Amino acid sequence: MPPGEALRADRTFAAEMAQMFDRIAPQYDLLNRLNSLGLDRRWRSTLVRKVVRRRPHHLLDMATGTGDVAIALARSAPEAEVIGMDLSEEMMAIGRTKVTTAGLSDRVTLRRGDALGIDLPDASVDVVTCAFGVRNFASIIDGYREFARVLRPGGMVAVLELTEPSRGLMR
């Protein structure tokens, strides 16, 4: 087990993450811009470009947050259906407003879900994306196992993540 995973092993970790993200939901997008020095938008665009080259039809955006990646995927792959899952209802409430404003409610669905128990059938998606969420999984290894379970053979996992700085201003 990697360092830190034992501390996250009990199921209360997911509830604590949901509560934390519910609290910061109104400021989340701004915090992402600040923490990445504004580079998060470019990184998301790069992720989306690489994903849509595969011409996927069924995508899962895990830890979707306020839905930025799910929306970008739907815009860039007009034939695709995108499911965004997150622990935080407040984050997804903001995301649902963005989805509606973007006119994508027919192809983007946001629903509550935990990366350690994804409520989708085996081999049901072409691509799993996760932007800035893996570090918040109770078990990163189990999260990746779930990605593999729901992924179709030959599918793609695309993860965008910041490291956890241990020193300096970014800590």
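Glu-146 lies in helix α6, which spans residues 140-150; helices (H or I, at least four residues) and strands (E, at least two) are DSSP runs, numbered from the N terminus. The model is predicted, so local features need pLDDT of at least 70 and side-chain atom pairs count only at pLDDT 80 or more, while totals for chains, interfaces and linings use all residues. Residues are numbered from 1 along each chain as its sequence is written, and side-chain values use heavy atoms, with hydrogens and water left out.

With a relative accessible area of 13%, Glu-146 is buried. Buried means under 20% relative accessible area, exposed over 50%, and partly exposed in between, with a 1.4 Å probe and protein chains only. The side chain of Glu-146 reaches the backbone nitrogen of Ile-118 at 2.7 Å. Not counting residues up to four places away in sequence, Glu-146 touches Ala-115, Leu-116, Gly-117 and Ile-118, where a contact means heavy atoms within 4.5 Å.

Beyond residues up to four places away in sequence, Ile-118 touches Leu-60, Met-62, Met-85, Glu-146, Phe-147, Arg-149 and Val-150.

In the protein as a whole, there are six helices and five strands. From the N terminus on, these elements run α-α-α-β-α-β-α-β-β-α-β. The protein has 171 residues, of which 44% count as buried. Among contacts with a separation of 6 or more, 75% are between residues 24 or more positions apart. The protein exposes about 9300 Å², and carbon and sulfur atoms supply 55% of this area; accessible areas come from the Shrake-Rupley method with a 1.4 Å probe, and for residues only the protein chains shown count as cover.

Helix α4 covers residues 68-76, and its buried residues are Val-69, Ala-70, Ile-71, Leu-73 and Ala-74. The axes of α3 and α4 come within 10 Å and cross at roughly 45°. Axes are lines fitted to C-alpha atoms, for helices over the stretch in contact, and angles run from 0 to 180 degrees between N-to-C directions. The two helices α3 and α4 are therefore oblique to each other, since angles under 35 degrees count as roughly parallel, over 145 as roughly antiparallel, 65 to 115 as roughly perpendicular and the rest as oblique. The crossing in which α3 passes α4 is right-handed; a crossing is left-handed if the near helix is turned anticlockwise from the far one by less than a right angle, and right-handed if clockwise. At this meeting, α3 supplies Arg-44, Leu-47, Val-48, Val-51 and Val-52, and α4 supplies Asp-68, Val-69, Ala-72, Leu-73 and Ser-76.

Thr-64 lies in the loop between β1 and α4. Its relative accessibility is 7%, so Thr-64 counts as buried. The side chains of Thr-64 and Asp-61 are joined by a polar contact of 2.7 Å. A polar contact is a pair of N or O atoms within 3.5 Å; within protein, one must be able to donate a hydrogen and the other to accept it, and residues adjacent in sequence count only if both atoms are side-chain atoms. Leaving aside residues up to four places away in sequence, Thr-64 touches Ala-70, Gly-84, Met-85, Asp-86, Met-92 and Leu-110.

Leu-104 is found in the loop between α5 and β3, and at 8% relative accessibility it counts as buried. Leu-104 and Arg-75 are 29 residues apart along the chain, with their C-alpha atoms separated by 8.1 Å. Apart from residues up to four places away in sequence, Leu-104 touches Ile-71, Ala-74, Arg-75 and Val-99.

Most residues other than glycine have a negative phi. In Arg-55, however, phi is near 55°, a positive value. Arg-55 is found in the loop between α3 and β1 and is exposed, with a relative accessible area of 65%. Phe-132 also has a positive phi, near 60°. Phe-132 is found in the loop between β4 and α6 and is buried, with a relative accessible area of 3%.
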